[in-house]
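Here are my notes for a colleague who is opening this structure for the first time. They are meant to be read beside the sequence and the model, point by point.

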Amino acid sequence: MSAFTAAHAQDAAAPAAAASAPQPAQAASAPAATEKPAEAATPAKGAQNLEAVIVTGIRGSLQQSLNKKRNADSVVDVITSEDIGKMPDKNVADSLQRVPGVNISSAGAGEGGFDEADRVSLRGTNPSLTQTMINGHMVGSGDWFVLNQVGTVGRSVSYSLLPSELVDTVVINKSSRADLVEGGVAGTVDIQTRKPLDFKKQVTLEATVGAVYADLPEKTDPQLSAMFNWQNDAKTFGVLVQGFSEKRHLRRDGQEMLGYTQIAPNSTIAQSNPDLAGVWYPNAIGSALFEQERKRTGGLIDVQIKPTNDLTLDLSAFKSHMEATNFNRNFLVWPKNILNAGAGQAPLPGYVVQNNTLVSASFAPGAQAGIVDQIYRPGANADSTFYNLDGKLQVNDRFAVSGKLGTSKGKGETPKQAVYEADVKGTGASYTLHGLGSPADAALIGGDPSNYNAPGTGLDWVFGASPASTLDKENWGQLDGEYALDAGIFTTLKFGVRVAEHKRESNQTGQGPAAGAFDAANQPAWNGTTYPGDFGSGLGGGVFPRNPWQLDPAILEAWSDKYSNRDPVLRRNWAGEFSLKEKNSAAYVMSSFEGTGWGGNVGVRIVRTGERVLNNFAIKAGGVGEDCEVLHACSVPGAITTSAFGPFYQKEIANDYTDVLPSLNLRYDLSKDLVSRFGIAKTMARPDYSALGGSVSLDDLNHTGSGGNPNLEPIRSTNVDASLEWYFAPRSLLSAGLFYMDLTNYVGYGTTDAAFVNIKTGASEIYRVTSPLNSSGSVKGIELAYQQPVGAGFGFITNYTYADAKESGGGPLVGASKNTYNVSGYFENDSFNARVNYSFRSKFYNGLDRSTAQYQDDTDNVSASIGYKVSDNLTITLDGMNLNNPKLKYYANNPDQPTAFYVNGRQYYLSLRLKM
């Protein structure tokens, strides 16, 4: 919010000033001081290692990014911190969304959108095709939400674990180079932290004390962060310590439909009502209330040593831990159970079919029409850590070597789910969908949603992964060399090798009811509470249950501990677990070249991927080992029969792949203010872990599921970039860029019907299972950017991205918005600064939800910031997020099939920043 910088540049970690670039002296108009980091040894004449100048404030950060970009060789965007510990936004992803070609999402997978950006993607692709790194190395990531732990487990990083106070610069590499670590088909985001010897002063102290108020839960929580940096007089040894403790409350009001089902053409209902044959209807219409308390704690320690002018060593360690206890409840009208795909109860006369969807229907009492979920997840958490050693040695005036050695681990955990799923019987039902205009009308005719003790209410089942966990770990080693050439236009030769081992696994116990759970005398006590009185007020329209009963979470947890069966052997949900190991190696060579007014680089990276996936296979009746039963001897080699989810055996699937990734980047100065760029490269990314893992996650309520495919090949792409940039005035830019991605082995999804044991009934039943498969696709588009100061401290920044993304056959690519634009206006003088941002993203395909297509509708967001500089050492800031109270809308096959409406409210951050 307070200051944002976007620039196409090359290697912003080591920027270089061109003669025609806006010079650092021009940044003197910014009100704050300038700091210059310690100079790094430079290996070669002509190497593009620019002097990094850090200027505080909005205008200073804008100037710095333009300085970085002017003599760059590849297409890169940069976000620069305004000051020590002060990024433009409270969340790094929020800053990234205002870069051309960048999209953000507020959910990792199937949990629905929240109030904070969580995932980042580039140029019409899903977040797993954008690689996020910290200081040029990988970072393990975990997720707090249970479905992201055991369901859709991707390669994207959760930005909710990365506090913005740690960040110095964010570099978005859009065009590839041979020296970049593979893994980002669309590009790589490199989050760079400050280094101890970069500071001007011997001792630097910065602390922020603040509070956040969230208007929907009506809660105020503390936000604390601090940084201490010390270096010796000789600037050969430095220590940086940063810490943070940030707590906040969330509340999300919503309505959820849980996917759609078709009435079978030959079913009983289709025969009695022929106009309903093949018609879609909502599985459920639920009043969904989600509440959560998040507490993020952790820090960064960095020790930098420079014993000689030619040797630098840097050891860094990072940890971020998020406690994310949450309480999720849903009171659902249940058309799926009433209609039963056409085998159930027909609607009463007067129903309405629109766009092949049963948009309005009423049902007489008969089949069970309602169901209620109460789910409390105490202790849900996510964790991310890394340890990394960097070294650089200037061997002589022509040759330098550098290396990295490190490890990173991410973890997500749900220690338990306290679940009470209740039947609501003896009522009729009705519903009317209003498309995306407003939430649906829904009612249980003759029922009382506010009364837990109403006749017909009682325990249906205890379900869910409890406990559940996912572990993500990578070890890496990297060695690079750079040699200065004296060979005409070629200035440097860079080469290197990298090896890494990655492990990912997911485990869960599928709980069920224990003895006595269904006894009427043992049901959890109700203290008379219902949803908050203003539930759903921000959703607008819709007549649906707004005051359903709810259980006290402490009572629910105590009941669940007593009456849930969580036996880790008998309740091992083997169908939903996976284990994967990757051994990856790469080698590259790259040469930079330069002439009068032009330059670039050319190289090739060779990558070897070794995949080893441990899969669980069901032993099905009627096939091999048909005599196998739970807790009985089995003749199938390696059979495991101790799980109530059925007998199975394990088998490792091995695949190895080699990729050759050439790249070329060119820069040509058409004039001193006009720069053109061109890039072409082959890139690759490995499929999502859960796509490879082969695990099957089943929904017994809706008879749907998702599974993996261990034989998926890496996603590969040929990328082409071309851009034109005009630096027509200080701190000003007008640019246009074209991009094209030809995707092969893109991971799409298909559905099949398969038999699995329904743990509720004990019978083998048919489920509609979604599985990944290799496909192909393309993305083409244009990026436009314009930023300019307009005088008297005012200025604006705006950009627009058009992306035309299609899978083979014309279907949409996951995560692709056709239109994205951002508009920001700012003001800054010596004491006061202010900024307002508006962001818009058009609808995009979100993937499959319960085997039904799901799209997210157009979304927009307004944020703002104001700051007052009390003195050189004290600043007060007020940041407002989600000021337009955005309503998140999702739909299935068409807009007449809404799948969810959510609203999260507004958030306000008041902070006092102290510098010494």
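1. Of the 916 residues in the chain, 59% are buried; please keep in mind throughout that the model is a predicted one. The chain holds seven helices and 48 strands, and its accessible surface comes to about 32400 Å², with 57% of that belonging to carbon and sulfur atoms.

2. On how the chain comes together: when contacts between residues at least 6 apart in sequence are taken, 75% of them join residues at least 24 apart.

3. Helix α6, residues 553–563, deserves a careful look, for Leu-556, Trp-559, Ser-560 and Tyr-563 are buried there. These residues lie on the same side of α6, because the arc they cover around the axis is only 100°. Ala-554, Ala-558 and Lys-562, by contrast, are exposed on the other side of α6.

4. Which strands are included in what covers the buried residues of α6? Among them are β16 (326–333), β19 (370–377), β22 (418–424), β25 (457–461), β28 (512–513) and β29 (564–565). At the N-terminal end of α6, the cap is provided by Asp-552, which has a side-chain oxygen 2.9 Å from the backbone nitrogen of Ala-554.

5. Turning to the strands, there is an open sheet of four, arranged in the order β3-β7-β8-β6 and with mixed pairing. Its edges are formed by β3 (76–80) and β6 (130–134), each of which pairs on one side only. On average, and with direction ignored, neighbouring strands of this sheet are turned by 15° against each other.

6. Within that sheet, β7 (residues 167–173) and β8 (residues 187–193) are joined by six bridges in the antiparallel sense, and Val-167 has Thr-193 in β8 as its bridge partner. Helix α1, residues 58–69, packs on the sheet and touches both β3 and β7, while the direction of α1 makes about 150° with that of β3.

Definitions and conventions
Residues numbered from 1 in each chain as written. Predicted model: local features only at pLDDT ≥ 70, side-chain atom pairs only at ≥ 80, totals over all residues. Heavy atoms only, no water. Helix = DSSP H or I, 4+ residues; strand = E, 2+ residues; numbered from the N terminus. Buried < 20%, exposed > 50% of the residue type's maximum accessible area, 1.4 Å probe, protein only. Contact = heavy atoms within 4.5 Å. Areas by Shrake-Rupley, 256 points an atom, 1.4 Å probe, with all protein chains shown as cover. Arc of directions from axis to C-beta. Polar contact = N/O pair within 3.5 Å; in protein donor to acceptor, adjacent residues only side chain to side chain. Pairing = 2+ DSSP bridges. Axes fitted to C-alpha atoms, helices over the stretch in contact; angles between N-to-C directions.
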